[in-house]
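Okay, thanks for coming, everyone.

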Amino acid sequence: MSIPKGYAGNIAVIDLTNNEAQVIPTEEFFTEYDIDPRLWIGGDGFITKILWKDIPKEIDPLSPENEIIIATGPWTATAAPQAGRAMLGCISPETGGFSSGSFGWYFPATMKYAGFDVIIVRGKAEKPVYICIDNQEITIRDASHIWGKETGETVKAIREDVGERYEGEVRVISISVAGENLVKYAVACSDATSCPGRSGGGTVMGSKNLKAIAVRGTGEIQIDDPMGLLESSYNAVNKFVEEEPTLTLWKEHGCTTSLSVTANWPMTGDALVENRNAADFPHLNNAGCLNCFAPCYHWLQIKDGVYAGTRQLGGHMTFITVGLRNIGIQEPDVWIYFERLIQELGVDPASFTMAYSYAVDLFVNGILTKEDTDGIELKRGDHEQIWDVSRRTAMREGKLGNLLADGVAEMAKKLGPEAEAIMPQTVKDKPSIQRDAKLQALIWSFGALTSARGGDWLRLHNVWELAFLPENRDTYPEYTGMTNLELYERCLELLDMPDETKKKIFGDPPKVDRDWVRGLEGKALFAKWSEDFVSLFNTLVTCMFGAATQFMMVGFGPSTYAEILNKITGWDVSYDELMQVGERVLNLQRAYNNQIKGWDVKDDRFAGKLAYEEGEVGIYRGKIVPWDAILKEYYALRGWSPEGIPTKKKLAELSIDAILDVTK
Ligand code: SF4
């Protein structure tokens, strides 16, 4: 099988147990893993196929049998918009099932310029090491001198070690102390800036004694129609800029844009927060991954107060959301400091703050006492305590540090039924982003039930529901001159979705308003469409912030992806074919988790009682969310059995039946 244009041409396979590295032509890799690139494209498609073949049964995620897989796609490192992304995959230390996370900055593109589409790391080194990829030369080097360093210092030390000739020549993905100490939700971080969060990849790297991977690449990527690619990319970006009503706001504020939305969401059931003016962050300028036309990273600098002088490249909504809702951080300067600290320590902000928030609830309810917390009176909003608890957790220090480092699910198991009853939103042992599923938008929370990587909010997007939560005021009039209702009416027309699907989801004529948000009509189909779409851009690989499920949903849809991908590869893929790629990858992940973990309908449930009780606030105030009814409709739409397993017919339709033996 020859490889299409857009691929780098090689796969790096590194065995840490035997201290060996191999360079395999991508063509051979396709044959070995039975990959037709047009069916699986890259990113999550490749990761799923690799895990399916290499790890066919349940393993201890911290054993040498686990793998770290970094997979780019044909989109990566080209002139396409937002071409700086890749996926990092492994078996999750939190769930024991499939896991992957998207990351960017410049490691993914540099890896392709070095000639690699995929990096697979197996085994376990005897002592701390890092991998150096210098174009086609791969060496495994001693990392004893950097073990114990946080992310920023690690990147600096490795760049010096490998003789970086100019700033940014060498790109580094590394772990920090949390990964070394096997905190269950440790993350790896690319150039101390962009982390494949939620994947648990930092923990798996730590278990392999792998501190980092450094890469220098000076090659180029062959493109089928270079001028066509430039033209299509230029047109796509221009269209986006013209049509996206909130882009100015995004460019000005990056991810902190969401503060005005976030501040209006219920905060872990406690109270509404009235601090919209806090959107005035101390920005210097913005910066982004390769070819990003609307970068979400912002240079932030704290000018006054206790944290004066702190500079941070970030301002990401996850930190704002979890900081606000889970641990009570309300001040912009404290958010900035919190984001820097968490990236330096290398922990997943959602899993960590959910564990912390849960510990506070357990403490308030007397289930945890000062005996269990090393004398600390746990509470939200105490900055000094947050810094202290963050470090204890990353270092697994004392009883409290160890408790939180094992995460929400282990905490509940250890502390018994009383603790289990008040567990925050957790599915398949992985917490999502906030305590109670009912407080969030319906379908966004529903996505946590079905996500292949466990309780999660990033594999099904629905920003539209959020805009109509009753607690929410009009978010954007100040910037766009339109109310939410006016904005969404206009954007529904622009959404890249077939008319028939639109009518089935949003009614005939299609309409998004409060009734749609509160009702169940079309929601299961919306969930399926959105999940397939997210799965698609995680195979290309490109960024979720340019995709049609973010902003006001007028970003790049499958039509734009098809046009640009065809210019890169020389294919003639269509909208439907690409959406089916997303569906195919998602179905194999589902079948894989069923095979290695036995997950089915019984596991598509929130832990604890909270999600199944009447809501205290929000649109489900006084009501019980019909999760099971939506699941039933969703399984039927997916062509899965009532047990939630892909049927033989569905697998045949997706051309994956031949490789599966889990057909029912
Ligand atoms: S929006 Fe942010 S994460 Fe996405 S490509 Fe741009 S800079 Fe990178």
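Let's start with Glu-344 and Arg-340: both are buried, and by buried I mean under 20% relative accessible area, with exposed over 50% and partly exposed in between, using a 1.4 Å probe and protein chains only. Quick housekeeping: this is a predicted model, so local features need pLDDT of at least 70 and side-chain atom pairs count only at pLDDT 80 or more, while totals for chains, interfaces and linings use all residues. Residues are numbered from 1 along each chain as its sequence is written, and side-chain values use heavy atoms, with hydrogens and water left out.

Back to our pair. Glu-344 and Arg-340 make a salt bridge at 2.9 Å, N to O; that term means a side-chain nitrogen of Lys or Arg within 4 Å of a carboxyl oxygen of Asp or Glu. They sit four residues apart in helix α12 (residues 332–345), about one turn. Helices here are DSSP runs of H or I, at least four residues, numbered from the N terminus.

Now over to helix α24 (residues 523–540), where Lys-528 and Asp-532 are also four residues apart. Their closest N and O atoms are 3.0 Å apart, in a salt bridge.

Arg-38 is partly exposed at 23%, and Asp-572 is exposed at 56%.

Methods:
Helices (H or I, at least four residues) and strands (E, at least two) are DSSP runs, numbered from the N terminus.
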